[in-house]
Amino acid sequence: MELDKPYYSITETAVMFNVNASLLRYWEKEFPQIKPYKNKKGDRYFTQKDIETIQTIYNLTKVQGYTLQGAKAELKRAYGKHASQAQAVATLLKIKDKLLALRDSLE
């Protein structure tokens with residue numbers, strides 16, 4: 001999905017997925033991964049990351065037929081996978097720095 005703006009209103013987001021705004025508010029309560037910006041009036045503005053998460057939730061629940069609990073478990077599993085990948089990258093970067101420092105000390 002090509003997104004060209006940094007924020008989308010709840011109405012724009014609801015139209016993207018052909019759902020009611022109330023469903024998006026419900027999903028926001030149920031899925032902590034959705035964290036829209038709220039202005040002083042309480043209007044919600046979704047980031048591209050929020051919309052990607054909503055796309056995943058929509059796909060799991062509306063297309064693949066997951067229950068809400070199943071979708072939550074799948075998102076948590078996917079987040080754990082990404083978190084462990086990020087941890088591995090951080091560890092590899094530390095090893096790289098140590099190896100470069102060792103190389104520099106040998107020269």
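In helix α3, the buried residues (under 20% relative accessible area, with exposed over 50% and partly exposed in between; 1.4 Å probe, protein chains only) are Asp-50, Ile-51, Thr-53, Ile-54, Ile-57, Leu-60 and Thr-61. This is a predicted model, where local features need pLDDT of at least 70 and side-chain atom pairs count only at pLDDT 80 or more, while totals for chains, interfaces and linings use all residues. Residues are numbered from 1 along each chain as its sequence is written, and side-chain values use heavy atoms, leaving out hydrogens and water. Helices (H or I, at least four residues) and strands (E, at least two) are DSSP runs, numbered from the N terminus.

**Helix α3**

- α3 covers residues 48-63, 16 residues in total, and spans 21 Å from first C-alpha to last.
- That is close to the 22 Å expected at 1.5 Å a residue, where the expected span is 1.5 Å times one less than the number of residues.
- Just past the end of α3, Gly-65 has a positive phi of about 80 degrees.

**The sheet**

- Three strands make an open sheet in the order β1-β3-β2, with antiparallel pairing; two strands pair if DSSP finds at least two bridges between them.
- β1 and β2 sit at the edges with a single partner strand each, so one side of each has no neighbour in the sheet.
- β1 (residues 7-9) pairs with β3 over three bridges, and Ser-9 stands opposite Tyr-45 of β3.
- β2 (residues 37-38) is joined to β3 by two bridges, with Lys-38 opposite Arg-44.
- Five residues separate β2 and β3 in their hairpin, and Gly-42 in the turn takes a positive phi of about 95 degrees.
- In a regular strand, side chains alternate between the two faces of the sheet.

- Glu-28 belongs to helix α2 (residues 21-30) and counts as buried because its relative accessibility is 14%.
- Setting aside neighbours within four places in sequence, Glu-28 is in contact (heavy atoms within 4.5 Å) with Ile-34, Pro-36, Lys-38 and Arg-44.
- A network of salt bridges (a side-chain nitrogen of Lys or Arg within 4 Å of a carboxyl oxygen of Asp or Glu) links Glu-28, Lys-38 and Arg-44.

**Other salt bridges**

- The count for the model comes to seven salt bridges.
- Lys-5 and Glu-12 meet at 2.6 Å, N to O; Lys-5 is partly exposed at 31% relative accessibility, and Glu-12 is partly exposed at 31%.
- Glu-74 and Arg-77 meet at 2.5 Å, N to O, and they are about one helical turn apart because three residues separate them in α4.
- Arg-103 and Asp-104 form a salt bridge at 3.6 Å, N to O, with Arg-103 partly exposed at 46% and Asp-104 partly exposed at 45%.

**Nonpolar surface patch**

- Leu-92, Ile-95, Leu-99, Leu-102 and Leu-106 make a nonpolar surface patch of about 530 Å².
- Patches use residues with over 30% relative accessible area and no salt bridge, joining like charges within 9 Å and nonpolar side chains (Val, Leu, Ile, Met, Phe, Trp, Tyr) within 5 Å.
- Accessible areas come from the Shrake-Rupley method with a 1.4 Å probe, and for residues only the protein chains shown count as cover.
- Leu-102 lies in helix α4 (residues 68-106) and counts as partly exposed at 48% relative accessibility.
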